[in-house]
Amino acid sequence: MIAAIRYEEMEILLNDLFTRYGYDFTEYSKASLQRRIQRLFTLDKFPSFAEFRHRLQNDAQYFRRFVEEVTVNVTEMLRDPSFYRTLRTTILPVLATYPFIRIWHAGCSTGEEVYSMAILLKEAGLLHKSLLYGTDINPLVIEKARKGIFPVSQMQKYSENYIQSGGINDFSSYYTANYHLAKFDSSLTGKMIFSTHNLVSDFSFNEFQLILCRNVLIYFERSLQAKVFKLFDYSLENFGYLALGSKESLRFSPIADRYKQIGKEKIWRKVHEEG
Amino acid sequence: MRRAKLIIIGGSAGSLQVILGIIPAIGPSFPLPVLILVHRNVGFESNLEELFSSRTRASIKEVEEKEPILPGTIYIAPADYHVLIEEDQTFSLDYSERVNFSRPSIDVTFRCAADVYGKELVCVLLSGGNADGVEGLEYVKTKSGIAVVQDPATAEVPYMPQHAVNRVAVDFIVPAEEMPAFIKGLAYLPPA
């Protein structure tokens, strides 16, 4: 029987990691975090919590693995096609009026959503004047995102999503398949900048017309969500857009009264500056 | 037996009819929260809320992240998310890897709820074609929760409940037609 990591032990561990490495997971949602930490603990066959704790405190490489495994890196291209359809029909025509478009994918994982957006921009004739920033806490997924290589096995599903999102081209024209891998076109990659960024501790690094952060905030407690919303608000131009995951909401956030939801989708527009 | 604080009903293929039978037994004054967790990719209507609301006056809503779990409410797990339960008895959602090819996974929620509710948890596993939920039910028993399984003989797809019966020391095996009355009865158990 494998030992279970108790919540009290997890608190100790999180305090260790903050002190030792400056990564603050203390305001992450605990149920999900416990599951992820338990999974890693079991996978790496630690005999006790004490040994797990000791390894994390003394082995920076192992801490890197911890970050890679404990954060959730599940994503897909054009997930929720109706969301992307709204981007095409409602948001991109507004962005088109700007001389230069800056978009931030916060918590982009392996980058599938960044490539999805690049395809939309290309089809709207806007990619040439756009820059897409993709950031994530996990350096390993950022490396993958830069390469733009995804499993061929996913392409059928992505192609279906693409058609449902209003795509009219042949989805396979955007990548070159080689055995089981699909490499996306360099005309897309050329407009992307990937970097590590920790939403908990890092500052705003630019001003954007659109920020997408989908299925990231569900892993944060309300207190941390509030801080991240403030970071987004600070990083968003007036009349810019903030897009969240299909089960996330701005409703309970401190910035809610200055934002207006666009239709039924989880997209909000900043309608007033602070103060 | 003691008063429960949360009922979770998990099902897959063939469970919709049973759930539709249970819903009218849960009225607005039902003193417990009920969470319904079904695999959606097996012929379920995506709008379960609508489907259920014509059958009861209890409040019915899809689980929202960070919301408190309240009595007299039927919660529905959203498609394509795992439902987790925090120590302070609020829901959270999780979009991590599928478990048993399923998201929501019944195992994930049973297990998480058992950590929080312990012996005050009732988990019910209905008809289904895979083994999701069985391991979770086993875990619920290690935390002294109550494990209920639909009688496989009355299940449209008996695989899931049969596995549970084979592997877990379940407390009750209930035929489909008696399930509504059984669930209703859980509300009126005396306190521990």
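**Figure 1. Strand S1 of chain A sits inside the predicted model.** In this predicted model, we start with strand S1 of chain A, which spans residues 101-106. Six of its six residues are buried, so the strand is largely enclosed by the rest of the structure. You can check this on both faces of S1(A): A:Ile101, A:Ile103 and A:His105 are buried on one side, and A:Arg102, A:Trp104 and A:Ala106 are buried on the other.

**Figure 2. Two strands pair with S1 of chain A.** Strands of a sheet pair through backbone hydrogen bonds, either parallel or antiparallel. With strand S2 of chain A (residues 130-136), S1(A) pairs in the parallel sense over six bridges. Look for A:Ala106, which stands opposite A:Thr135 in S2(A). S1(A) is also joined to strand S7 of chain A (residues 208-213), by three bridges, and these two strands run parallel. Here A:Trp104 has A:Ile211 of S7(A) as its bridge partner.

Figure 3. Helix H6 of chain A covers residues 112-123, and together with S1(A) and S2(A) it makes a right-handed β-α-β unit.

Figure 4. For an antiparallel pair, turn to strand S8 (residues 236-244) and strand S10 (residues 267-270) of chain A, which are paired over three bridges. Within this pair, A:Tyr241 stands opposite A:Arg269 of S10(A).

**Figure 5. Three strands of chain A make another open sheet.** The order here is S3-S5-S4, and the pairing is antiparallel. At the edges are strand S3 (149-151) and strand S4 (175-178) of chain A, each of which pairs on one side only. On average, and with direction ignored, neighbouring strands of this sheet are turned by 30 degrees against each other. S3(A) is joined by three bridges to strand S5 of chain A (residues 181-184), and the two run antiparallel. To find your place, pick out A:Ile149, which stands opposite A:Lys183 in S5(A).

**Figure 6. A:Ser165 is a buried loop residue.** A:Ser165 is found in the loop between helix H8 (155-164) and S4 of chain A. Around A:Ser165, 22 other C-beta atoms lie within 10 Å, and because the cut-off for a buried residue is 20 or more, this serine counts as buried. Leaving aside neighbours within four places in sequence, the contacts of A:Ser165 are A:Leu78, A:Pro81, A:Tyr84, A:Arg85 and A:Arg88. For a sense of distance, A:Ile255 is 90 residues from A:Ser165 in sequence, and their C-alpha atoms are 29 Å apart in space.

**Figure 7. Chain A as a whole surrounds these details.** Chain A has 10 helices and 10 strands. Its radius of gyration is 20 Å, close to the 19 Å that the globule rule gives for 275 residues, so chain A is as compact as a globular protein of that length. Along the principal axes, its C-alpha atoms fill a box of roughly 55 × 55 × 30 Å. Of the 275 residues, 41% count as buried. Among the contacts in chain A with a separation of 6 or more, 77% come from residues 24 or more positions apart.

**Figure 8. Chain A touches chain B.** The contact takes 12 residues from chain A and 16 residues from chain B. On the chain A side, helix H2 (residues 30-43) gives the largest share, three residues. By class, that side has five nonpolar, three polar and four charged residues.

**Figure 9. Helix H5 of chain B has buried residues.** In H5(B), residues 159-167, the buried ones are B:Met160, B:Pro161, B:His163, B:Ala164 and B:Val165. What covers them includes strand S7 (121-125), helix H4 (134-142), strand S8 (146-150) and strand S9 (172-174) of chain B.

Technical notes. Residues numbered from 1 in each chain as written. Chains lettered and ligands numbered in written order. Predicted model: local features only at pLDDT ≥ 70, side-chain atom pairs only at ≥ 80, totals over all residues. Buried ≥ 20, exposed ≤ 12 C-beta atoms within 10 Å, placed from the backbone. Helix = DSSP H or I, 4+ residues; strand = E, 2+ residues; numbered from the N terminus. Pairing = 2+ DSSP bridges. Right-handed = clockwise from strand over helix to strand, strands pointing away. Rg over C-alpha atoms; globule rule 2.2 N^0.38 Å. Contact = placed C-beta atoms within 7 Å. Nonpolar A, V, L, I, M, F, W, Y, C, P; charged D, E, K, R; others polar. Axes fitted to C-alpha atoms, helices over the stretch in contact; angles between N-to-C directions.
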